[in-house]
Amino acid sequence: EIVRIAMDRTVGVLAFLDYLGRVHIYHRHLRVGIFDIDLTISGDSFPRLNVADGGAAIMVGNGQQIVILESDGRIKRRYTTHYPYGVLACSPDGRSLALSDLDSGVIRIYNASNMLLTHQRFAVDLLADAKRAQLLPVTISTSAAISTLAITNKGALAFSTMGLVCVSNLSRMKLIS
């Protein structure tokens with residue numbers, strides 16, 4: 001049973017994640033293979049799948065662990081977070097990885113090549129000083145989960161929570177040295 005689907009339209013890489021923790025990779029109409037990445041997918045996990053950089057980086061997560069694959073199915077990196085995350089997003093070039101901390105409401109940005117933390121900030125603080133579009137009448141809460149998250153190659157960040165869409169930039173986040 002398929003849990004997530006992701007693709008990169010520029011080169012035609014398509015990836016599927018199934019409940020057994022396997023990634024199915026296709027390049028255009030040809031199957032590259034099915035790869036068991038030893039990632040537990042359960043009803044309690046938050047399965048995520050992203051394809052970036054023309055398929056050169058396939059990022060798979062379960063809410064606690066992240067596995068980065070090459071388009072041929074080889075594992076480049078495995079990383080376990082010290083917190084449960086809800087949303088995983090990567091920049092189109094595959095260099096930046098954004099995660100939302102479910103416990104604290106912090107958005108964290110990592111360098112995807114070495115999984116070093118580069119930026120972080122509470123989502124509620126980003127909401128307070130960022131451009132936003134209110135979709136529904138709500139009050140800002142520190143405990144609301146982030147439902148969507150996106151990051152561009154140049155560091156523009158967008159997320160939604162509590163009926164709000166927030167657009168910000170890495171320059172508004174705390175730089176981690």
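Mentor: Two strands count as paired when DSSP finds at least two bridges between them. Please keep this in mind as we read the structure above, which is a predicted model.

Trainee: How many bridges join strand β1 to strand β2, and in what direction do the two strands run?

Mentor: In general, strands of a sheet pair through backbone hydrogen bonds, either parallel or antiparallel. Here β1 (residues 2-8) and β2 (residues 13-18) run antiparallel and are joined by six bridges.

Trainee: Which residues have a positive phi although they are not glycine?

Mentor: D38 is one of them, with a phi of about 55 degrees. M115 is another, its phi being near 55 degrees. D38 belongs to the loop between β4 (30-36) and β5 (48-52), while M115 belongs to the loop between β11 (106-111) and β12 (116-122).

Trainee: Is D38 buried or exposed, and what of M115?

Mentor: The cut-offs are needed here: buried means under 20% relative accessible area, and exposed means over 50%. D38 has 63% and is therefore exposed. M115 has 5% and is therefore buried.

Trainee: Let us turn to sheets. What is the order of strands in the open sheet of four strands?

Mentor: The order is β5-β6-β7-β8, and the pairing is antiparallel. β5 and β8 (75-80) stand at the edges with a single partner strand each, so one side of each has no neighbour in the sheet. On average, neighbouring strands of this sheet are turned by 15 degrees against each other, direction ignored.

Trainee: How many bridges join β7 to β8?

Mentor: Five bridges join β7 (residues 65-69) to β8, and the two run antiparallel. In this pair, Q65 stands opposite T80 of β8.

Trainee: Which residues of the largest nonpolar core touch the most other members?

Mentor: This core has 18 residues, and those touching the most other members are I107, I109, L149, L157, F159 and M173. At least two residues of the core come from each of β9 (85-90), β11, α1 (123-129), β14 (148-151), β15 (156-161) and β16 (164-169). The element that gives the most is α1, with three residues.

Trainee: With which residues is I107 in contact, leaving aside its neighbours within four places in sequence?

Mentor: The contacts of I107 include L99, H119, A123, L126, L149, L157, F159 and M173. Apart from this core lies another, of 17 residues, among them V3, L17, V23 and L49.

Trainee: How many salt bridges does the structure hold?

Mentor: The structure holds four salt bridges. R22 and D18 give an example, at 2.9 Å from N to O. Of these two, R22 is partly exposed at 30% relative accessible area, whereas D18 is buried at 3%.

Trainee: Are D101 and R108, which meet in another salt bridge, buried or exposed?

Mentor: D101 is buried, with a relative accessible area of 7%, and R108 is buried as well, at 9%. Their side chains meet at 2.6 Å from N to O.

Trainee: Which residues are linked in a network of salt bridges?

Mentor: The network links E70, D72 and R74. Within it, the closest N and O atoms of E70 and R74 are 2.8 Å apart. E70 is partly exposed, at 26% relative accessibility.

Trainee: Finally, how many disulfides does a search of the whole structure find?

Mentor: In general, a disulfide is a covalent bond between the sulfur atoms of two cysteines. The search of this whole structure finds zero.

Definitions and conventions
Residues numbered from 1 in each chain as written. Predicted model: local features only at pLDDT ≥ 70, side-chain atom pairs only at ≥ 80, totals over all residues. Heavy atoms only, no water. Buried < 20%, exposed > 50% of the residue type's maximum accessible area, 1.4 Å probe, protein only. Core = buried A, V, L, I, M, F, W, Y, C linked by side-chain atoms within 4.5 Å. Contact = heavy atoms within 4.5 Å. Axes fitted to C-alpha atoms, helices over the stretch in contact; angles between N-to-C directions. Disulfide = S-S within 2.5 Å.
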